[in-house]
Amino acid sequence: MARDLRQAVELIKSFEGILDGDPATVNLDPYLCPAGCWTIGWGHVVTDPHGRMLKGTGNKELARAVYPDGITMAEAEVLLADDVRRFAAGVERLVKVPLAATRFCALVSFAYNVGIGALEKSTLLRLLNEGNIDQVPDQFMRWTKAGGKELAGLKRRREAEMRLWLSAETTAPELPPPAGDMAAMAVAPAACQEDTAAPEAARNDALLFLTNRYPEGVLQLEPGRAFVFDPRNNAPGNVVFACRREADGAIATVGRDQFMLELKRSPYRQLLFYIHGYSNLPEDVFGAAGELQRLCDGKSNREVLVVPVIWPCDNDLGLVGDYWDDQKAADASAISFARALQRFVEWRNTELNGQDAAPCLKRINVLAHSMGNRVLRETLAAWNKYDLASGVPLLFRNTFLVAADIENESLHRGKKGQLICDASRNVVVYFASDDLALRSSKAANFKNKIASRRLGHSGPEDMRLAPSNVFAVDCDEVNTDYDAAKGHSYFRSGRTPGRGGVVFDHIFECLRTGRVLLDDPQRRTMILRE
């Protein structure tokens with residue numbers, strides 16, 4: 001059952017207040033909070049592309065660049081609601097005893113101000129989880145200082161949170177009236193206070209992702225709920241969850257609209273949706289996506305934001321057993337991901353992205369690895385079949401098909417994979433003939449009497465039959481040097497971990513320029529060498 005967070009929201013609003021950094025403009029702009037952090041709306045901290053908070057007057061231009069057009073009051077409400085849900089998920093994760101709704105809301109307001117990391121280390125939480133409920137109220141009043149000085153605004157906030165906590169034993173208290181001056185505010189979310197470094201670290205490297213894997217427990221679709229993957233359930237879900245993973249591994253749903261809004265307002269110029277291959281658990285995917293993000297940032301800060309797309313597969317049945325189990329999951333994932341694409345198109349026409357709002361100018365790219373190419377192909381086929389009347393729209397600037405585990409005729413005109421070409425400006429196929437994982441795939445596919453070579457082994461069977469926006473890149477010279485075990489995952493680091501190889505360099509140059517570097521433009525091919 002979803003928690004009612006309205007009391008937490010109202011309490012936070014009453015102390016955070018809402019200011020406008022530039023009253024001369026129509027929308028709300030970033031402003032410096034009393035603790036020196038750039039903030040927007042009701043205490044939403046403005047961060048750089050690495051999740052670090054922007055502090056001080058010297059970062060004014062960077063803060064304005066994150067929100068160049070400011071935000072509307074409606075968008076401020078969305079940001080606050082998402083922040084509250086995120087902190088609620090953190091409180092849910094930390095508290096091990098049952099709590100009344102009012103007490104839960106008091107803790108959410110407290111965590112919003114001091115930070116989840118501070119709550120996690122607090123005596124308040126320890127006493128609560130030990131069952132010493134009667135000692136908790138006094139602990140609120142230990143958090144009234146910032147920079148070593150007691151602040152009247154913090155004291156009033158702690159008193160209000162303590163009253164809300166105690167109201168579980170009586171009746172609901174009156175909330176304090178909204179503070180109209182800076183001194184009455186509780187110096188912004190204290191995650192930006194100097195003595196709460198842990199919450200700041202917890203916000204670094206937060207990762208937005210999509211998944212149709214099921215979570216543990218009862219299925220709940222409300223944004224802001226804690227999300228834990230169910231490792232025993234390999235069945236594709238009928239819905240796609242939009243989630244955020246914090247640096248400490250905690251995951252919470254964020255909701256479709258907020259997910260889209262955060263991607264739109266990201267300071268990154270481009271998005272790269274990463275669809276992983278088979279026999280990958282979520283933590284494997286997060287590791288690969290994190291490496292890819294670090295490599296992109298190393299090339300050019302704020303250029304490419306990596307967004308993983310996680311579909312159900314596992315690694316418990318051995319190579320062949322996993323292969324067939326995962327191939328079924330890849331095919332069955334098509335319906336839910338096709339539905340997500342349709343929702344994206346619908347979202348583009350909502351009030352959050354309509355004519356009265358700044359258009360979303362992000363360039364969208366896709367990188368599909370191994371069996372992730374099957375997920376992409378089947379998704380576009382399902383979308384085209386069930387939702388579209390005149391073919392798929394042009395959505396992607398670049399689509400990178402790496403070690404693709406689909407038939408090598410898939411991109412030929414008239415084949416199902418042509419939809420990938422129709423949806424993309426450039427389609428770049430990276431292949432290697434000595435990819436051992438694809439040799440196993442080819443052998444496994446004999447079961448279904450499919451004798452075709454894999455696209456990731458040979459590239460397109462006949463480039464003359466492929467659309468003119470398809471390009472083939474031969475990686476034979478480097479794939480086993482970069483992935484000695486299988487020669488299959490060669491698109492991230494090269495010989496030195498953490499340093500991109502020539503395949504990654506080629507991918508990033510395509511992202512940066514929108515053009516595909518070739519050594520034989522007429523044949524649309526390239527051989528990569530160090």
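F504 is buried, as is F508. This and the other views come from a predicted model.

**View 1. F504 and F508 pair within helix 19.** The two ring centres lie 6.0 Å apart. Their planes meet at 35°, so the pair counts as tilted. Both residues belong to helix 19 (residues 502–513). They are 4 residues apart, which means a separation of about one helical turn. The structure holds 12 aromatic pairs.

**View 2. F229 and F286 link distant parts of the chain.** Here the ring centres are 6.4 Å apart. The planes stand at 50°, so this pair is tilted. F229 lies in the loop between strand 6 (207–211) and strand 7 (241–245). F286 sits in helix 11 (residues 282–299). F229 and F286 are both buried. They also belong to one aromatic cluster, together with F209, F227 and F241.

**View 3. The charged end of K13 sits over the ring of W42.** The distance from the charged end of K13 to the ring centre of W42 is 4.5 Å.

**View 4. The charged end of R492 sits over the ring of F491.** The charged end of R492 is 5.0 Å from the ring centre of F491.

**View 5. I133 occupies the loop between helix 6 and helix 7.** Helix 6 spans 123–129, and helix 7 spans 136–140. I133 has 25% relative accessibility, so the residue counts as partly exposed. Beyond its neighbours within four places in sequence, I133 contacts R103, L128 and W165. V97 is 36 residues from I133 in sequence. In space, their C-alpha atoms are 9.9 Å apart.

Definitions and conventions. Residues numbered from 1 in each chain as written. Predicted model: local features only at pLDDT ≥ 70, side-chain atom pairs only at ≥ 80, totals over all residues. Heavy atoms only, no water. Helix = DSSP H or I, 4+ residues; strand = E, 2+ residues; numbered from the N terminus. Buried < 20%, exposed > 50% of the residue type's maximum accessible area, 1.4 Å probe, protein only. Contact = heavy atoms within 4.5 Å. Phe/Tyr/Trp six-rings, centres within 6.5 Å; stacked < 30°, edge-to-face > 60°. Lys NZ or Arg CZ within 6 Å of the ring centre and 35° of its normal.
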